[in-house]
Amino acid sequence: MSPVIQVAALHAEAPAADAARFVVGQDPEGHWVAIEIHGRAGGLFRSREAAVDYAEDETDHRPDAVLLSGECIELRI
């Protein structure tokens with residue numbers, strides 16, 4: 001099982017994430033998640049494509065604004 005990455009920790013530990021506003025990945029249960037790196041927006045999605053589309057729409061389609069995570073991420077409500 002992969003460790004769960006907290007978005008704040010990912011932002012603090014990965015300088016490359018500074019340019020990204022959203023992180024997209026899967027939670028421990030396999031749901032697709034898009035989370036704004038400061039925790040101000042996000043959601044659960046049926047597919048990777050839906051999560052990426054949401055994140056891209058929220059960031060005005062900036063090419064560097066969405067980071068895809070290979071680790072599990074968690075949406076905190």
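What follows is a chat about a predicted model of one protein chain.

Biologist: Okay, before we dig in, is this predicted or experimental?

Modeller: This is a predicted model.

Biologist: Fine. How many helices and strands are there in the chain?

Modeller: The protein chain has 2 helices and 6 strands. Going from the N terminus, the elements come as β-α-β-β-β-α-β-β.

Biologist: And what share of the residues counts as buried?

Modeller: 30% of the 77 residues in the protein chain.

Biologist: What about contacts between residues 24 or more positions apart?

Modeller: Those make up 55% of the contacts in the protein chain that have a separation of 6 or more.

Biologist: Now the sheet. What's the strand order?

Modeller: E4-E3-E2-E5, in an open sheet of 4 strands with mixed pairing. Strand E4 (42-45) and strand E5 (66-68) are the edge strands, each pairing on one side only. On average, neighbouring strands of this sheet are turned by 20° against each other, direction ignored.

Biologist: How do E3 and E4 run, parallel or antiparallel?

Modeller: Antiparallel, with 4 bridges joining E4 to strand E3, which covers residues 32-36. Isoleucine 35 sits opposite glycine 42 in E4, and alanine 34 has glycine 43 in E4 as its bridge partner.

Biologist: What's in the turn between E3 and E4?

Modeller: The two strands form a hairpin with 5 residues between them. In that turn, glycine 39 has a positive phi of about 80°.

Biologist: Where does helix H2 lie?

Modeller: H2, residues 48-58, lies across E3, E4, E5 and strand E2 (22-26). Relative to E2, the helix runs at about 175°.

Biologist: Which residues make up the largest nonpolar core?

Modeller: There are 6 residues in that core: Phe22, Val24, Ala34, Ala51, Val52 and Ala55. E2 and H2 each supply at least two residues of the core, and H2 gives the most, with 3 residues. Apart from this core lies another one of 5 residues, including Val23, Ile35, Ile37 and Ile73.

Biologist: Switching to rings. How many aromatic pairs does the structure hold?

Modeller: The structure holds 2 aromatic pairs. In one of them, phenylalanine 22 and tyrosine 54 have ring centres 5.7 Å apart and planes at 85°, so that pair is edge-to-face.

Biologist: Why does that pair tie together parts that are apart in sequence?

Modeller: Because phenylalanine 22 lies in strand E2 and tyrosine 54 in helix H2, the pair ties together parts 32 residues apart in sequence. Phenylalanine 22 counts as buried at 0% relative accessibility, whereas tyrosine 54 is partly exposed at 23%.

Biologist: And how do phenylalanine 45 and tyrosine 54 pair up?

Modeller: Phenylalanine 45 and tyrosine 54 form a tilted pair, 5.2 Å centre to centre with 35° between the planes. Taken together, ring pairs link Phe22, Phe45 and Tyr54 into a cluster.

Biologist: Last topic, charges. How many salt bridges turn up in the whole structure?

Modeller: A search of the whole structure gives 2 salt bridges. One of them joins the side chains of glutamate 36 and arginine 21, at 4.0 Å from N to O. That pair links distant parts of the chain, with glutamate 36 in strand E3 and arginine 21 in the loop between helix H1 (7-13) and E2, 15 residues apart.

Biologist: Is glutamate 36 buried or exposed?

Modeller: Glutamate 36 counts as buried because its relative accessibility is 2%, and the cut-off for buried is under 20%.

Biologist: Which residue forms a salt bridge with aspartate 64?

Modeller: Arginine 62, with the closest N and O atoms 3.9 Å apart. Aspartate 64 is partly exposed at 42% relative accessibility, and arginine 62 is partly exposed too, at 36% relative accessible area.

Notes: Residues numbered from 1 in each chain as written. Predicted model: local features only at pLDDT ≥ 70, side-chain atom pairs only at ≥ 80, totals over all residues. Heavy atoms only, no water. Pairing = 2+ DSSP bridges. Axes fitted to C-alpha atoms, helices over the stretch in contact; angles between N-to-C directions. Contact = heavy atoms within 4.5 Å. Buried < 20%, exposed > 50% of the residue type's maximum accessible area, 1.4 Å probe, protein only. Core = buried A, V, L, I, M, F, W, Y, C linked by side-chain atoms within 4.5 Å. Phe/Tyr/Trp six-rings, centres within 6.5 Å; stacked < 30°, edge-to-face > 60°.
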